[in-house]
Amino acid sequence: MGEITDQNYNYKRIVFVTVGTTLFDALVRAVDTNEVKQQLFKKGYTHLLIQIGRGSYIPIKSEGEDGSVAVDYFTFSSSIADHLRSASLVISHAGSGSIFETLRLGKPLIVVVNEDLMDNHQSELAEELADRKHLYCARPQTLDRVIADIDLESLLPYPAGDATPVVKLINRFLGFPDD
């Protein structure tokens, strides 16, 4: 017969949301909806920590005592890597730095594409990595459905190794010459 300990009650499953250095209020608004918070809670997550960057939308803080996830936020941090390491799930903008840092740490990742950006090469990178089953890809308006449907067991680890081909691909999208 299993023994229940205090440790079971204090178990945190943190969802870390990052917009990087960008302005991405649509993502912050999306994770602050009851639909998204309910889906995260149904999946067993207990805390939602949102990095809002330069955004003007301020999410609603909560302690999570109402049968929902606890919510907190901040603008910028010198220790994003620490937040990534402590996360059970990461929801990120489609910046290549955030994507590859999260994948390198082996964290499950949902990338939310900013449809307001012109010439959105980031969406191509995110969709390619989603096709390869390394992450999930969403739009702000589909985030709750993607969370409801995620199966983290189906994700494949991103193989560590030579990033040169990826860097060349990104540079080509950005219009930089091949070295």
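What percentage of the 179 residues in the protein do buried residues make up? Buried residues account for 42% of them, where buried means under 20% relative accessible area, exposed over 50%, and partly exposed in between (1.4 Å probe, protein chains only). This is a predicted model, in which local features need pLDDT of at least 70, side-chain atom pairs count only at pLDDT 80 or more, and totals for chains, interfaces and linings use all residues. Residues are numbered from 1 along each chain as its sequence is written, and side-chain values use heavy atoms, with hydrogens and water left out.

**Figure 1. An overview of the fold.** Of the contacts (heavy atoms within 4.5 Å) with a separation of 6 or more, 61% are between residues 24 or more positions apart. The accessible surface comes to about 10400 Å², and carbon and sulfur atoms hold 51% of this area, by the Shrake-Rupley method with a 1.4 Å probe; for residues, only the protein chains shown count as cover.

**Figure 2. Phe16 and Phe74, a stacked pair.** A search of the whole structure finds two aromatic pairs, for which ring centres of Phe, Tyr or Trp (its six-membered ring) must lie within 6.5 Å, with planes under 30 degrees apart counted as stacked, over 60 as edge-to-face and the rest as tilted. The rings of Phe16 and Phe74 have centres 6.2 Å apart and planes at 10°, so this pair is stacked. Phe16 lies in strand 1 and Phe74 in strand 3, so the pair ties together parts 58 residues apart in sequence. Phe16 is buried at 0% relative accessible area, and Phe74 is buried at 15%.

**Figure 3. Phe100 and Tyr158, a tilted pair.** Here the ring centres of Phe100 and Tyr158 are 5.5 Å apart and the planes stand at 55°, so the pair is tilted. Phe100 is in helix 5 and Tyr158 is in the loop between helix 7 (143-149) and helix 8, 58 residues apart. Phe100 is one of the buried residues of helix 5, whereas Tyr158 is partly exposed at 27%.

**Figure 4. The surroundings of helix 5.** The buried residues of helix 5 (residues 96-104) are Ser98, Ile99, Phe100, Thr102 and Leu103. These residues pack against several elements, including strand 1 (14-18), strand 5 (109-112) and helix 8 (164-174). After helix 5 comes Gly106, with a positive phi near 75°.

**Figure 5. His134 in its loop.** Look between helix 6 (121-131) and strand 6 (136-138) to find His134. His134 is buried, at 10% relative accessible area. Neighbours within four places in sequence aside, its contacts include Leu103, Leu129 and Tyr158.

**Figure 6. Tyr73 with a charge over its ring.** Tyr73 belongs to strand 3 (residues 70-74) and is partly exposed at 25%. The charged end of Lys61 sits over the Tyr73 ring, 5.1 Å from its centre; the criterion is NZ of Lys or CZ of Arg within 6 Å of the ring centre and within 35 degrees of the ring normal. Beyond four places in sequence, Tyr73 is in contact with Leu49, Ile50, Ile52, Ile58, Pro59 and Lys61.

Terms used: Helices (H or I, at least four residues) and strands (E, at least two) are DSSP runs, numbered from the N terminus.
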